[in-house]
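Let's take a walk through a protein model together. Keep the 3D view open and turn it as you read.

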Amino acid sequence: ETGNSLDRAGPNAFIRCLTRHALDEGWLSIWTLSLDGQPVATEYQLVSDGHVYALRSDFDASHETLSPGSHLSRQMLEILFGRGLTQYAMGPGDNAYKYRWADAAQPVHALTAYGRTLRGRALATWELAAKPLVRRLRARGTPATTDAGKVDDAG
């Protein structure tokens with residue numbers, strides 16, 4: 001539903017390219033937890049300079065009551081930090097489960113790069129100029145409404 005699942009062409013091509021590069025550089029780390037020979041949880045990571053960057057994780061929802069993702073996380077973190085790794089970056093999002101595993105947090109910053117193609121430039125124009133302008137105009141020009149749905153010109 002997010003458009004980011006790996007069965008979609010764009011995300012699939014990206015993860016395949018990243019995987020080849022990470023494998024060549026020695027950064028690739030993939031963890032799986034199996035039950036009766038079937039994978040029930042997984043995490044895809046990059047590891048470099050004592051840091052772990054968790055990029056994708058998932059679990060089989062049919063085993064949700066067993067918390068396979070939590071079990072994998074516990075085992076994985078114990079092993080990783082036992083090897084002397086110093087930081088585990090859980091990725092963006094203020095998810096409650098992340099606070100169970102950490103005693104400190106650092107903000108995550110996003111970087112968006114746009115291609116030089118016509119499509120890339122159009123997307124950059126939309127994201128960096130047009131969309132913020134539309135939001136500002138909407139915020140300024142939309143009158144407040146009362147609970148009854150009537151327009152309140154004073155607001």
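This is a predicted model: local features need pLDDT of at least 70, side-chain atom pairs count only at pLDDT 80 or more; totals for chains, interfaces and linings use all residues.

Start with a word you'll need again and again: a residue is called buried when its relative accessible area is under 20%, exposed when that area is over 50%, and partly exposed in between (1.4 Å probe, protein chains only). Residues are numbered from 1 along each chain as its sequence is written, and side-chain values use heavy atoms, with hydrogens and water left out.

Now stay with Glu127 and look for its partner. Glu127 forms a salt bridge with Lys131, and the closest N and O atoms are 3.3 Å apart. The term salt bridge means a side-chain nitrogen of Lys or Arg within 4 Å of a carboxyl oxygen of Asp or Glu. Side chains of opposite charge can pair when their charged atoms come close. Why are Lys131 and Glu127 about one helical turn apart? Because they sit four residues apart in helix H3 (residues 118–141). Helices here are DSSP runs of H or I with at least four residues, strands are runs of E with at least two, and both are numbered from the N terminus. Lys131 is partly exposed too, at 22%.

How many salt bridges does this rule give? The count is two. The other one you can look up joins Glu78 and Arg74, with 3.1 Å from N to O. These two are also four residues apart, this time in helix H2 (residues 68–82), so about one helical turn separates them. Both ends are partly exposed: Glu78 has a relative accessible area of 46%, and Arg74 has 44%.

Which residues of H1 are buried? They are Pro11, Ile15, Leu18 and Ala22. They cover an arc of only 70 degrees around the axis, which puts them on the same side of H1. (The arc is that of the directions from the helix axis to the C-beta atoms.) An α-helix has 3.6 residues a turn, so residues three or four places apart point the same way. On the other side of H1, you'll find Ala9, Arg16, Arg20, Leu23 and Asp24 exposed. The cover over the buried residues of H1 includes strands E1 (28–35), E2 (38–48) and E3 (51–59). Just after H1, Gly26 has a positive phi of about 80 degrees.

H2 can be read in a similar way. Its 15 residues should span 21 Å, and its end C-alpha atoms are 21 Å apart, which agrees. Its buried residues are Pro68, Leu72, Ser73, Met76, Leu77 and Leu80. Their arc is only 150 degrees around the axis, which puts them on the same side of H2. They pack against E1, E2, E3 and strand E4 (87–89).

What about the inside? In soluble globular proteins, nonpolar side chains tend to be buried together. A nonpolar core is a set of buried Ala, Val, Leu, Ile, Met, Phe, Trp, Tyr and Cys residues joined through side-chain atoms within 4.5 Å. The largest one here has 13 residues, and Trp31, Leu33, Val52, Leu72, Met76, Leu80 and Tyr88 touch the most other members. E1, E2, E3 and H2 each give two or more residues to this core, and H2 brings the largest share, four residues. A second, separate core of five residues includes Ile15, Leu18, Ala22 and Tyr44.

Gln45 is found in strand E2 and, at 0% relative accessibility, counts as buried. Contact means heavy atoms within 4.5 Å; leaving out residues up to four places away in sequence, Gln45 touches a list of residues that includes Trp31, Val52, Met76, Leu80 and Tyr88.

Finish in the loops. Asp49 lies between E2 and E3, has a positive phi near 50 degrees though it isn't a glycine, and is exposed at 73%. Ser67, in the loop between E3 and H2, also has a positive phi, near 55 degrees, but is partly exposed at 36%.

Technical notes. The expected span of a helix is 1.5 Å times one less than its number of residues.
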